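Grab a pencil and work through these exercises with the structure open beside you. Try each task before you read its solution.

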Amino acid sequence: MKRCLTIFIMICLITNVFLTSCSSQKEERDTLSYSENEVKMPESVDAVFDIKQIGNKTVRIVGLNESGTIGTVWDSVDEGRSWTQISTFTRNIKINKTKGITTEIAGYLSPKGQIFCVISEWQERNDSNHKETYYIVENERIKKININLARVEGGDNGVYNAEFANDGSLIIQDGFGQMYKVNQRTGKVQFTFLSEQMMDIFNPFSLYEDCIYIHR
């Protein structure tokens, strides 16, 4: 499961113009520097799971409470100086509170406002015995979807990371590093990306237009 972001930092790039001299001639060059400011999270948020830019001015976060079982969505239009809660995306999702069962929630944001929600459950002291449930949440309306990831020798499989593609489908990285394109309406795996370079859980990825970039 992707580790939650516990520190939210806003980095702004500033273009500086400076003069250098060489052989008594002056030359103007543009360089980039940056300012770094820690942004305070909403009081009820103990960890930020995902961050997206919505439109030109809005920063949206998926926030989790201390127990990690309540997920909320917040917007800021002033670079994190203030936050407005817009939804509790776990409101209509049943969370297993059985003694001896550990539950973890992950939420992945779409630039259009949807959330891909992953509910992971496993027995305490038995990490290999777990199950995952998947939902698409939009305006607090939920739809459960069934996603059948490939069974991999050596253990159960599950979602490690996910992003929404431009066409609305999901690009999912499983617990063994394999990547899939999934129809978010049906949960059907439309395409499996076969590459040995991807088979590494420690290689995160990002999307830009129709390209997938693997961070190595």
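Two strands count as paired if DSSP finds at least two bridges between them. Keep in mind that this is a predicted model.

**Exercise 1. Find which residue of E4 is the bridge partner of Ala47, and work out how E3 and E4 run.**

Step 1: Start with the strands. E3 covers residues 47-54, and E4 covers residues 58-64.

Step 2: Look at the pairing. E3 and E4 are joined by 7 bridges and run antiparallel.

Step 3: Pick out the partner. Ala47 is bridged to Leu64 in E4.

Step 4: Check the turn. The hairpin of E3 and E4 has 3 residues between the strands, and Gly55 there takes a positive phi near 70 degrees.

**Exercise 2. Follow E4 to E5 and say how many bridges pair them.**

Step 1: E5 spans residues 71-76, and its pairing with E4 is antiparallel, over 6 bridges.

**Exercise 3. Decide whether the faces of E4 are covered or open.**

Step 2: Sort the residues. Thr58, Arg60, Val62 and Leu64 are on one side, with Val59, Ile61 and Gly63 on the other.

Step 3: Apply the cut-off for buried, under 20% relative accessible area. Both faces come out covered, and 7 of the 7 residues in E4 are buried.

**Exercise 4. Trace the salt bridges of Lys52 and the one between Arg60 and Asp75.**

Step 1: Take the general idea first: side chains of opposite charge can pair when their charged atoms come close. The count for this model is 6 salt bridges.

Step 2: Lys52 pairs with Asp50, with the closest N and O atoms 3.4 Å apart. Both Lys52 and Asp50 are buried.

Step 3: Lys52 also meets Glu163 in a salt bridge, at 3.3 Å from N to O. Lys52 sits in E3 and Glu163 in E11, so this pair ties together parts that are 111 residues apart in sequence. Glu163 is buried, as is Lys52.

Step 4: Arg60 and Asp75 form a salt bridge at 2.7 Å, N to O. Arg60 is in E4 and Asp75 in E5, 15 residues apart. Both of these residues are buried.

**Exercise 5. Say whether Thr103 is buried or exposed, and list what it touches.**

Step 1: Thr103 belongs to E7, residues 101-109.

Step 2: Its relative accessibility is 11%, so Thr103 counts as buried.

Step 3: Leaving aside neighbours within four places in sequence, Thr103 is in contact with Thr69, Ile95, Asn96, Ile119, Ser120 and Glu121.

How values were computed
Residues are numbered from 1 along each chain as its sequence is written. This is a predicted model: local features need pLDDT of at least 70, side-chain atom pairs count only at pLDDT 80 or more; totals for chains, interfaces and linings use all residues. Side-chain values use heavy atoms; hydrogens and water are left out. Helices (H or I, at least four residues) and strands (E, at least two) are DSSP runs, numbered from the N terminus. Buried means under 20% relative accessible area, exposed over 50%, partly exposed in between (1.4 Å probe, protein chains only). Contact means heavy atoms within 4.5 Å. A salt bridge is a side-chain nitrogen of Lys or Arg within 4 Å of a carboxyl oxygen of Asp or Glu.
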